[in-house]
Amino acid sequence: MADSSPALSKKKRLEVLENIGKEVYQHIEKMENPYLTITTRGLSNVKYDKESRTIKLGESVSKRYFLNTGHVRKFTQTMAVAALSKNLIENDKHTSLRSAFYQIRRTIPGTKIDIVDDQTETNKSIEDLELISDLTREQLNINANKNGAVAGEVIIEDRGDLIDWSKLGSGGWAIPSNVEDIIFKKVDAKFVLYFEKSTMFERANEDKAWKKLHCVIISSQGQATRGIRRLLQRLSREHNLPVYVLTDADIWGVYIYSAIKFGSITLAHVSDKLALPEAKFMGLTVEDIEKYDLKRHLIKFKDVDIERMKQIRNYDWFKNSKEWMAELDKMEKLGAKVELDAFTAKGLSFITEKYLPEKLKEGKFLD
Amino acid sequence: MEEIAEELAKNQRAISVTEFFERNKHLLGFDNKQKALLVCVKEAVDNSLDACEELGHMQERQKQPVTLPEITVEVKTTSDNYQLLDEKQNVAQMMVSKSMFTLIFEGKSQEKQMRSGRVSFDFNNVRFDISDSNDKLVVLMNGKQLTMRKNAPIFLIRVLDNGPGLLSSKMPDIFGRMLYGSKFQGMKQNRGQQGIGIHSAVLYAQLTTGKPAKVISKIKSAKKAKMMKIEINIAKNEPIVVEEADTDFPYESGTQVELEIEGIYVSGSKGLDEYIRRTALINPHANIIYINPNGERIVYKRLIDKLPVEPIPIKPHPHGLELGIFTRILKDSSQRTIVSALSEELSRVSRPIAEQVVKSVGLDPKKKPQEVSREEANSLLKALQSLQLMKPQTDCLSPIGVEELETGLKKQFSPEFVKAIQRKPEVYRGMPFQIEVAVAYGGKITSERATLMRYANKIPLLFDAASCALTKSFTEIDYTRYGIKAENRIPLLPAVFVIEITSVWVPYTNESKNAVASYPAIIKEIKLALQELIRNLSIFLSRKHRSAVFQERINLFEKYGIELAYYLSELTGIEEGKIKKKIDELLEKRKDEIKLNVEQSLDTSEVVSNKVESDMSRGKEEEE
């Protein structure tokens, strides 16, 4: 896997990109059909590594040819991303995924063909380039958009600025997509709480739950971004903080937890830097629904929920866990979900004053 | 047609011809004014083409130089047409052409010129005064003002040919007597068989405008042409020659007919222009000049200096006979006994067969054919039809010809691809028939869906498409099996298909003669012809598709190549132009391989469409 040190020299990174270009040019000079070799991504080429308890990319690779009507577009897009990245590194500039899309987007003169039609294409090409170059997106100087917030008893240094996460008012600190360069100055918190919902984060932040519970609270909206996952990993690895995940009681919540803990299928190539096998699932469990009398807030499963449930039951990292299979059974039997927001019906601060302290005291978490 | 004529004759005594015509005009094709205009033109043009070909064939037989058909068709509006009403009651009809006024009242018509804004008519003490003040017409009947309702306009139809011309002694009967020429004269493929007869058109003109037909005809031996204005005496079914004169004529021989009728001129697939266009397409040996009501002069030049083969009259075969015709054959026979009448007048009936049949129904073999009753004729016919007889001869037809069809299509559409198929003659119910089909693709044809042009004995069929065997066969083909996309069973191609049935007797579904009846033998032949045609078209299309896809791919790689050169230059610092040159070299070098890939990918999918998709996500990458 890539050298994760952010300090991998500029010169070295430029050399890697230049070599990709040179190799393609050599194919052309030899009058061969130019190709790129890319490790296959997707469910078919990921393995659950029992030892590290993370999802790892398999061995299978595929060749992407320029002279193939099915490949030429992606081939060109990948080269476009490589050229863009080289430019960024040379000039010590960073760009976001969104603006990378705009920087690459153009219509080929004399045609109706756009190099890229939407951002998913550049996003994929960037992931491809990560696999080809063995450099991470951050090392390619491309960042995701800011997403998510953090608050708690921690002081950090970011680009020379000291930031106290406990003195940031109602919004908390906006987590950048690249957290490699921040330095933890003082960590008083005893654990980390990750919320699936930003509304819950706002609730907990207003109640200063992090102060009462001596913790760090983090949230995004939906899936945790790379920046958040790397931040969680660093807090856990560098300061031995337990990480607890709190999501809706549904299959999508389970997968958010899964991605944080085991890594995701699409980013299996960077699991080393993002996965956090030590993370624990706090809730909502089906038991919580009973215990905290949330049954009035049940929302019936739709077909997509049931479909997704089937897929997740088949993932190796769940299949072999008795405790998770039991939880999924319960969930399926219930045939309905409950969202975190249901707590507000029991009183605005019910979650911080009752649920969280009780769960922590009880100390029972799904692994 | 004979049946209608018979009906007409029978009913004539009980009710007036006018009334009968009114009641049955839908059968004759006069049920709407748009169709009426077309039918009248068609009658005249069919007669002209038949006459010209007859002349040519006669010249061929006599080893003389052959005169090829020259037809001029002119259709123009002549007058505005008004219905005059008194208390919502129809009283008279008035036609106005500049200052000429024609008034029709109680079946009589008068024509007068307006002078100083006034004109008056007198019909047996009924007086009409018409005045024009400030371009507004006022009509008084016996002093009482009438309301005017504008009707369909009046058209003058003029059809001129260089055929053999008509004997002036025959002219009145040909145009002015309803049953003229109905004696059974054997079976021969011609256009006239389809028609309702020119006299019906004359009658329609008379009923709608009160104007006689104006006919000019010249035979080669005459110095001058004869002009006659012919009316029909409706009560007696007799021609009246209203006016007669000698006049000049543009050809050595030929005929010109002028009819004035009420009609509606439309453009589009059921209009006059299209009818003429389709007529020209199927008659490439004729020069056709057409002046339409907008004054546009359209010339369809002769493309082939050769007459179609002369059709041979044949005796009717019992399997295709209907009782009405059979009784007429017996009545008209010059044979003395029923046995000799059967063996002489019918085809594939030998003397022993005739004797056997006559015996089997218990008739006296010596009975005169003219004395056979309708009932006896019926049993005879049934007995004949129950026998296994030899098929009729089939060398009596005059199909259009492959070269003629292809030439016509090439000239009209300049297509990318053209192909005609001619089947061998076949037989349905004792009637010989032959199928020809053709297709033209691309060129001036830009429609998304294919058009079907139906013809029977070289006459375009424009109406009743849905009930026609030709349409049915066309839409029963599974085009997708040939890799051609279709919608509602019509191929989605810029193409024109032609289907022609040639027969001594085309079986129409009804008397308006616009749809061919669905005999299984006919449908089968059409389908076989179409299948062969479409196989040919499909081969052309897939070749075209292949080269288009190949070109598309080369273009695609070239375009992406420009981009690739730029990015590679950015990455490696090598000069962009140099990389571009290398990529072009690469494309040139690997061209054959790309071509082969196209062949292979198309062989597996075999999907051909007229639009080449620029789908680049095809050929999914192995991994995802």
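In which sense do strand S7 (residues 149-152) and strand S13 (residues 215-219) of chain A pair, and over how many bridges? The two strands run antiparallel, and four bridges join them; strands count as paired here if DSSP finds at least two bridges between them. This is a predicted model, in which local features need pLDDT of at least 70 and side-chain atom pairs count only at pLDDT 80 or more, while totals for chains, interfaces and linings use all residues. Residues are numbered from 1 along each chain as its sequence is written, and chains are lettered from A and ligands numbered from 1 in the order in which they are written.

Chain A holds 14 helices and 17 strands, where helices (H or I, at least four residues) and strands (E, at least two) are DSSP runs numbered from the N terminus. Of the 367 residues in chain A, 42% are buried; a residue is buried if 20 or more other C-beta atoms, placed from the backbone, lie within 10 Å of its own, exposed if 12 or fewer, and partly exposed in between. Among contacts in chain A between residues at least 6 apart in sequence, 72% join residues at least 24 apart. A contact means that the C-beta atoms of two residues, placed from the backbone, lie within 7 Å.

All nine of the nine residues of strand S14 (residues 254-262) of chain B are buried. One side of S14(B) carries Gly254(B), Gln256(B), Glu258(B), Glu260(B) and Glu262(B), and the other carries Thr255(B), Val257(B), Leu259(B) and Ile261(B). Strand S10 (residues 154-161) of chain B runs antiparallel to S14(B), joined by eight bridges, and Ile157(B) lies opposite Leu259(B). Strand S11 (residues 213-218) of chain B also pairs with S14(B) in the antiparallel sense, over five bridges, with Lys214(B) and Glu258(B) as bridge partners.

Two hairpins follow one another in chain B. Strand S6 (residues 126-133) and strand S7 (residues 136-141) of chain B are antiparallel over six bridges, and the two residues between them include Asn134(B), whose phi is positive at about 50 degrees. S7(B) then forms a hairpin with S8(B), again with two residues between the strands, and Asn142(B) in the turn has a positive phi of about 45 degrees. Met141(B) stands opposite Lys144(B) in S8(B).

Two packed helices are described by the angle between their axes and the distance between the axes. For helix H7 (residues 323-332) and helix H10 (residues 374-385) of chain B, the axes come within 10 Å and cross at roughly 110 degrees. H7(B) is therefore roughly perpendicular to H10(B), a class that spans 65 to 115 degrees, with under 35 counted as roughly parallel, over 145 as roughly antiparallel and the rest as oblique. Leu323(B), Phe326(B), Thr327(B) and Leu330(B) of H7(B) make this contact with Arg374(B), Ala377(B), Asn378(B) and Leu381(B) of H10(B). The contact residues comprise five nonpolar, two polar and one charged; Ala, Val, Leu, Ile, Met, Phe, Trp, Tyr, Cys and Pro count as nonpolar, Asp, Glu, Lys and Arg as charged, and the others, Gly among them, as polar.

The axes of helix H8 (residues 338-345) and helix H9 (residues 351-360) of chain B come within 8 Å and cross at roughly 130 degrees, which means that H8(B) is oblique to H9(B).

Finally, the chains meet: 30 residues of chain B are in contact with 34 residues of chain A. On the chain B side, H13(B) gives the most, with 13 residues.

Notes: Axes fitted to C-alpha atoms, helices over the stretch in contact; angles between N-to-C directions.
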